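The following exercises concern a single protein chain. Please examine its sequence and structure before working through the solutions.

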Amino acid sequence: MKNKNGRPRKSALNQAAAGNKNGRRKRNLKATRNEAAASNANEDRLSKLPNDLLLNILERLDTLDAIRTCILSRQMLKLPTMLSRLYLTFSLKGVLRTNHAVAYVTDNILSTRSPEVTISELKIRFLLLPNDSLIIGRSVARAMATQKVAAAEFEIVTKKRYSLCSSADLLQFGKQFNDLFGACPHAFAGLTSLWLQNMRFGELDIPNILSTCKLLEYLRLSHCDSGVHAVLQVEHDQLVELEVDYGKFQRVELISLPKLQRMTYDNWFSSQDPLYFGFVPQLSKLSLIKTRIRSDKTLELSQLLANVPNIDYLRLDFRSEKIWILPECPKLLKPVLNKLQHVNLDHLPEGCDLAWTMFILEAAPSLKELCITVWDHWCIMITNKELRKKYCFCEKADVKWKPYAPDFKHKNLAKLTIYGFQPDDNFMRYIRCVAEHAVNITEISLHDRKVCGRCGDLDPEIKDSVCPSRYPPTAEERKQITEALGLSSVAVVHFRS
């Protein structure tokens, strides 16, 4: 129907619109049905996979995510109790809620699974909250007693990060841990790995933990101590790896660790040698990380490692501050570095003369790979002048070195890697020096500065003081640098972008 102007009446328009709506509804309903059918088909295909394949897929997920996946299929509901690898951790979003979920799921899964299915790996990361921690501890203790557990790991985190902790907080967290430890000793007795953070213990607490955790193979203590300037003595028959981060110990004494292979010490607070090595016959990998302040002692490797003749990997990280290692005479160092094969020198401050690192080459005849990273990594450096003055940070200064045997030849070094390479005299002279003495070197890999996303958020004043990288971007420039080095054809120079 049309009105006097020849236009369709409103009723006709409404009917047409209604027809279009109905058509859209039908099309949407059909699409929804197709999606549901496809989803059901996919679910059916997933459910029809063999259990061992499904378990293999699920064990690659966090256990909470694996359980959520199994809820989608009725046929998969039984699979969580059959998992051999369990990894339970709280989320940074909704920490308290997910920590409660970790406690509940741990208790539920461990109490309902078949004792015949071995737990090959059990990893639980949880907040040190009394109720949740006790549920987890007791559940794991029951599992240790009734099921086969090949490897079990606790990572225990406190509700405050260290920068917000007072001494009273550290003592409280230490007490809370001791309460959990005392209530669930059998859970800890079966652990193979333990990571504790932000706790202050009594003098005998850490030795007591070690004597109870007889199966422990890995121990990490982050911001943990027994009071400022206490001495930590470590004895354990099974421990393979030990890490101490920011412990305010006077010294860590490795008294008797017959299976220890790897040791890391990050930022000690002592003016003495930070480590004492007793009976550690298998120790082969050592990492030392330190920000140098004026009160610190310069370490002499010949004394520090006098009782550790089997080190084959050494990492020294200077945090872009002053060098705290003393270049020593090869005659003193060779007995302790004789088996050294791999050396990483990290975060050397930009502008320092690299020649000092040659003392390691002189004293380590078995060395195969040398890797250095030159980088003023601003987001790990103290840049505030008042803070630097308060904490007595050293100003940068070159470490002087001269060869004890100017014509010495090194026959085993095959690879030199440099991160932060710049085409200036310091780097070019250093590469020539290494190649001159390492007569069998075959590969030199040169990288630009490492990239750090956080450095993009630096204060504009700091950004302005950072010199832009001059790493050669083009093949022609790289060719010119290679020719300028004048190396033999045996050594191949790679520019790694």
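**Exercise 1: Helix H13**

At the start of H13, a side-chain oxygen of Asp424 lies within 3.2 Å of the backbone nitrogen of Asn426. The model is a predicted one, in which local features need pLDDT of at least 70 and side-chain atom pairs count only at pLDDT 80 or more, while totals for chains, interfaces and linings use all residues. Residues are numbered from 1 along each chain as its sequence is written, and side-chain values use heavy atoms, with hydrogens and water left out.

Task: State which residues of H13 are buried and what covers them.

Solution. Step 1: H13 (residues 425–437) has 13 residues and spans 18 Å from its first C-alpha to its last, close to the expected 18 Å; the expected span is 1.5 Å times one less than the number of residues. Helices (H or I, at least four residues) and strands (E, at least two) are DSSP runs, numbered from the N terminus.
Step 1: Among the buried residues of H13 are Phe427, Tyr430, Ile431 and Val434. Buried denotes under 20% relative accessible area, exposed over 50%, and partly exposed in between (1.4 Å probe, protein chains only).
Step 2: The cover of these buried residues includes H11, S14, strand S15 (415–419), strand S16 (443–447) and helix H15 (475–485).

**Exercise 2: Strand S13**

Solution. Leu314 stands opposite Val343 in S13.
Step 1: From S13 the chain crosses through helix H11 (residues 358–363) to S14 in a right-handed β-α-β crossover. Right-handed means that, with the strands pointing away from the viewer, the path from the first strand over the helix to the second runs clockwise.
Step 2: Of the 7 residues of S13 (residues 342–348), 5 are buried, so the strand is largely enclosed by the rest of the structure.

**Exercise 3: Residue Asp225**

Task: Determine whether Asp225 is buried or exposed, and which side chain it joins in a polar contact.

Solution. Step 1: Asp225 belongs to strand S5 (residues 218–225).
Step 1: Because its relative accessibility is 3%, Asp225 counts as buried.
Step 2: The side chains of Asp225 and Arg200 form a polar contact of 2.7 Å. Such a contact is a pair of N or O atoms within 3.5 Å; within protein, one must be able to donate a hydrogen and the other to accept it, and residues adjacent in sequence count only if both atoms are side-chain atoms.

Methods:
Two strands pair if DSSP finds at least two bridges between them. Contact means heavy atoms within 4.5 Å.
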